[in-house]
Amino acid sequence: MNTFNISHFKNLFDSFFLVDFELIENRRGGLNLLFSGFVYRKKIAFAKSTNWVCLQNNCNARVVTKNDSSSIRVGKNCHNHPPKYVNK
């Protein structure tokens with residue numbers, strides 16, 4: 001019998017992955033991040049990484065991008081709403 005163990009996912013949340021995401025201009029001239037149909041706003045930028053939070057109110061989903069590559073790390077909190085943009 002297989003049992004669920006959250007520790008199997010620890011490395012998933014601690015790892016960066018090379019995936020496609022897009023930086024899009026917001027109406028104030030700043031940048032938002034579009035990833036997997038969800039839009040994020042910049043929370044804080046560090047020398048080597050940038051933290052992003054979901055643009056939707058009351059959603060705690062977060063991602064982190066490395067500034068020197070197109071790699072991204074997904075946070076532990078899931079979105080509480082469907083994606084805003086869907087590829088057709």
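Contact here means heavy atoms within 4.5 Å. In this predicted model, proline 83 touches Ser36, Gly37 and Phe38, leaving out residues up to four places away in sequence. The chain has 88 residues, and 24% of them are buried. Its secondary structure comes to one helix and seven strands, in the order α-β-β-β-β-β-β-β from the N terminus.

**The chain as a whole**

- The chain exposes about 7100 Å², and carbon and sulfur atoms supply 50% of that area.
- Among the contacts in the chain with a separation of 6 or more, 32% are between residues 24 or more positions apart.

**Strand pairing**

- Strand β2, residues 22-25, runs antiparallel to β3, and four bridges join the two.
- Within this pair, isoleucine 24 stands opposite asparagine 32 of β3.
- The hairpin of β2 and β3 has five residues between the strands, and in this hairpin glycine 29 takes a positive phi near 90°.
- β4 and β5 are also antiparallel, with five bridges between them.
- A hairpin of three residues connects β4 to β5.
- Arginine 41 has valine 53 in β5 as its bridge partner.
- On to β6, β5 again pairs in an antiparallel way through five bridges.
- Valine 53 takes part here as well, standing opposite arginine 62 in β6.
- Strands β6 (residues 62-66) and β7 (residues 71-74) run antiparallel and are joined by three bridges.
- The link from β6 to β7 is a hairpin of four residues.
- Valine 64 is paired with arginine 73, its bridge partner in β7.

**Strand β5 and threonine 50**

- β5 is largely enclosed by the rest of the structure, because five of its six residues are buried.
- Threonine 50 lies in β5.
- The relative accessibility of threonine 50 is 6%, which is under the 20% limit, so this residue counts as buried.
- Apart from residues up to four places away in sequence, threonine 50 touches Lys42, Ile44, Ala45, Val63, Val64, Thr65 and Asn67.
- With one of these, asparagine 67, threonine 50 also makes a polar contact from side chain to side chain, at 2.8 Å.

**The nonpolar core**

- The largest nonpolar core has 10 residues: Leu33, Phe35, Phe38, Tyr40, Trp52, Cys54, Cys59, Ala61, Val63 and Ile72.
- Three strands each supply at least two residues of this core, namely β3 (31-35), β4 (38-45) and β5 (49-54).
- Phenylalanine 38, a member of the core, is in contact with Leu33, His79, His81, Pro82 and Pro83 once its neighbours within four places in sequence are set aside.

**Proline 83**

- Proline 83 is found in the segment after β7.
- With a relative accessible area of 35%, proline 83 is partly exposed, because this value falls between the 20% limit for buried and the 50% limit for exposed.
- Proline 83 and phenylalanine 35 are 48 residues apart along the chain, while their C-alpha atoms are separated by 9.5 Å.

**Cysteines**

- How many disulfides does a search of the whole structure find? The search finds zero.
- Cysteine 78 is in no disulfide either, as the nearest cysteine sulfur, that of cysteine 59, is 9.0 Å away.
- Is cysteine 54 buried or exposed? Cysteine 54 has a relative accessible area of 7% and is buried.
- Cysteine 78, with a relative accessible area of 67%, is exposed.

Technical notes:
Residues are numbered from 1 along each chain as its sequence is written. This is a predicted model: local features need pLDDT of at least 70, side-chain atom pairs count only at pLDDT 80 or more; totals for chains, interfaces and linings use all residues. Side-chain values use heavy atoms; hydrogens and water are left out. A nonpolar core is a set of buried Ala, Val, Leu, Ile, Met, Phe, Trp, Tyr and Cys residues joined through side-chain atoms within 4.5 Å. Buried means under 20% relative accessible area, exposed over 50%, partly exposed in between (1.4 Å probe, protein chains only). Two strands pair if DSSP finds at least two bridges between them. A disulfide is a pair of cysteine sulfur atoms within 2.5 Å. Accessible areas come from the Shrake-Rupley method with a 1.4 Å probe; for residues, only the protein chains shown count as cover. A polar contact is a pair of N or O atoms within 3.5 Å; within protein, one must be able to donate a hydrogen and the other to accept it, and residues adjacent in sequence count only if both atoms are side-chain atoms.
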